[in-house]
Structure formats: C-alpha cells, structure tokens
Amino acid sequence: MTELNVAVIGYGLAGAVFHAPLIAAEPRLRVAAVVTSSAERSAQARAEHPGVRVFPTPDELFSAATDFDLVVVATPNRTHAPLTLAAVAAGLPVVVDKPFALTAEEGEAMIAAARRAGLMLTVFQNRRWDSDFRTVRRLIDEGALGAVHRFESRFERWRPRPKGGWREIGSAAEGAGILYDLGSHLIDQALTLFGPVAHVYAEVDARRPGVATDDDAFLALTHSNGVHSQLWMSAVAAQLGPRLRVLGSEAGYVCYGLDPQEAALREGRRPDDGKPWGVVDPVDWGQLGAEGDLRLTPSEPGAYPEFYAGVAACLLDGAEPPVDPADAVVVLRIIERAHEYARSVR
C-alpha cells in the first residue's frame, strides 16, 4: 500500500496534538518530518514518531522537498500564508491549520498559487467532524427538525486570567483573538449547514486586562435562505450556555458540552489505539423534540480521522479535498465584516 511522507511545520499544540496523531492514524500517511527549532519538541517528535526527520527551519525542509508528499502548516496564524506559498513553490501539496490566512486577499493568493501549480490545498476545519455538528447534520437531513429557522452555537470558556499565549495576548497583526480562533470554527459550521450569508451583525470586545485583541464576541448571521445563525465565542463566560440549540418548524435540538475528541488527543490517545473513538456517553446526548415531548437522541460519534482519510483519498485516488479552501476565504470575509461592523458602532 502506498504511504505518503508528511512533513509537519510546527510542533506546538496544533502540530503535536491535533495533526500528527491523526496523520499517524491514517494508514496511507506517515509523519516523516517535523519542523521545530525547540530541542524539547524535537525530542518529543522523535519519541512519538520513531524515524522522523527534524528540521530546524522551514527553508531546510523545502530544500529537501522531493523527499516528501505533503506539508502541514501548523504554525502561528501570521505565518500561514507565507509558508503555504513557499511550500507550493517547492512543489508540495498543503494542509493549512485554521484560520487559513489573516485576510481573504491572502487566502485568494494562496488558492491561486496552488491552482497554477496543480497542487492540492485544503484547510483543517476539524470541527466539521465534531459529534454535535454531525448529529445536527443528521437531524437536518432526516427532516427531524422540520424547516430550521434558528441556529445557536457556542464555544465558551471561563478563563478570567489569560494564560499568556500569543492567541490571547498577541496583536491583530499576528491573527490573535477569539474571532480568528474559535470564530473560524463556528462560522464555518454555520456556512456548511446553511450556506451564504447576506448580513453580519457583530459585538467584538477585549474584556480582560492585558488582552489587546478580542476575547469575547457574538455574531448574528442572516443567511440568504432566511436562517438566522447566532454564534457566541468567549473566554469570559462564567456560566456556559448550550453548545448547540437548533430550532425548526417541527422540533428543536439542544446539547451541552464539547465533543470528546480534543480531550482524547490532549491526553495522548490516538484514533487507532483499538478503543472506541469519538463516542459520546449517553448521559451527554442532546434532547430532541418540543415542549412536553423531549427525548434524548443518540449522538453521532466524532470523526476527526475522516479529515486525513480525505487528504489521502485526494492525493492518491483523485478525490476532492476534504475542505474546499474557498470556504475558508468566505469565513475570512465574514471575520473581516464582523471587525468592520464592530468598529463602525463604537
């Protein structure tokens, strides 16, 4: 069986916890190289992926580009566009962590470069494979909700004191802030379910001392088909709301808590460890129905491995990429519109 050699640029949280374990779990991919200048992370990569090559800089990786079949860009947001363009120039297909870029203009340039080179380019929108999101898609497809008119979605945390990472205290030029971070997922999910957006309303705030960019935001999106999506993302939510509340003409669906896959990856588990993956405990299933007739409904298992299975299918079988990068450009345009709206009402 063909096995593609994958190089992961960046071995922090994104590279080491989210990408590398999922790559290693896909039979047609292997973690062949890691780019990191950290001695500690180099040792970690070698321990977790025996035989891996470690490069201290992306340029040194690109000088050996013919040894690899795919590059994963799992670095700080401001580097996504330049590293993607450099990888494409070296002749390598690319997976880019979210957010795709800092601006829609950057994203369009990345897509154009990959198209000219005839190379795959895709975006790691892993939350399309969350248990809760997959469950809502199933309920919509089955008609269990009727005609959906309102979609409420939250990624909220209670973190009154920043941990100090660049995502929280970095500048707008670095792509810091909760809109780029959690907002990239929430907006992508809403677009995937309900399509183009005609109007954007936004509340974007920095509430904690020492935080220069947004850590508390709310977006109200009016989709062209009339559905209203209301999206909350916050680091200062002292009480958490439901993860999803979806209202339709026949029924609603409400669920709490987060998909279990991130916690499993952070604990060092891999999807190929022989244990059930992405399964939600029945006590955490959401409720389906209307007032007076509410019932627990089984949650679809989370399925992050499907992303890299889709990457392998694209590169080896000619399938479409698992996520169209043009979708990520639309997400960036909505983030830009949200920032513009918030500035206009201050």
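1. Basis. This is a predicted model, where local features need pLDDT of at least 70, side-chain atom pairs count only at pLDDT 80 or more, and totals for chains, interfaces and linings use all residues. Numbering runs from 1 along each chain as its sequence is written, and side-chain values use heavy atoms, with hydrogens and water left out.

2. Aromatic pairs. Rings of Phe, Tyr and Trp (its six-membered ring) pair if their centres lie within 6.5 Å; planes under 30 degrees apart are stacked, over 60 edge-to-face, the rest tilted. The count by this rule is 9 aromatic pairs. One of them joins Phe124 and Phe307, edge-to-face, at 5.1 Å centre to centre with 80° between the planes. Phe124 is in strand 6 (residues 121-124) and Phe307 in helix 10 (residues 305-317), 183 residues apart. Helices (H or I, at least four residues) and strands (E, at least two) are DSSP runs, numbered from the N terminus.

3. A second pair at Phe307. Trp129 and Phe307 also pair edge-to-face, at 5.9 Å centre to centre and 75° between the planes. Trp129 lies in the loop between strand 6 and helix 6 (131-142) and Phe307 in helix 10, so this pair ties together parts 178 residues apart in sequence. Phe124, Trp129, Phe307 and Tyr308 form one aromatic cluster.

4. Burial. Buried means under 20% relative accessible area, exposed over 50%, partly exposed in between (1.4 Å probe, protein chains only). Phe124 is buried, at 2%. Phe307 is buried, at 0%. Trp129 is buried too.

5. Charges over rings. The criterion is NZ of Lys or CZ of Arg within 6 Å of the ring centre and within 35 degrees of the ring normal. The charged end of Arg154 sits over the ring of Trp232, 3.8 Å from its centre. Arg243 places its charged end over the ring of Phe155, 4.1 Å from the centre.

6. Largest pocket. On a 1 Å grid over the protein atoms alone, a pocket is an open set of points with protein on both sides within 12 Å along at least five of seven lines; a cavity is a set where a 1.4 Å probe fits but cannot get out; lining residues have an atom within 4 Å of a point. Points are joined across faces, edges and corners, and volume is the space filled by probe spheres set on them. The largest pocket holds about 830 Å³. It has 30 lining residues, and the closest to its centre are Leu13, Arg157, Arg167, Asp181 and Arg266. Helix 8 gives the most to this lining, with 4 residues.

7. Ala, Val, Leu, Ile, Met, Phe, Trp, Tyr, Cys and Pro count as nonpolar, Asp, Glu, Lys and Arg as charged, the others, Gly among them, as polar. The pocket lining divides into 11 nonpolar, 4 polar and 15 charged residues. Domain 1 (4-124 + 307-320) and domain 2 (131-301) both contribute residues, so the pocket lies between them. Domain bounds come from an automatic or database domain assignment.

8. Cavities. There are 2 cavities of 30 Å³ or more. Helix 11 (residues 325-344) gives the largest share of its lining, 4 residues. That lining has 7 nonpolar, 2 polar and 1 charged residues. The second largest cavity has about 30 Å³. Its lining has 2 nonpolar, 3 polar and 3 charged residues, with at least three residues from each of domain 1 and domain 2.
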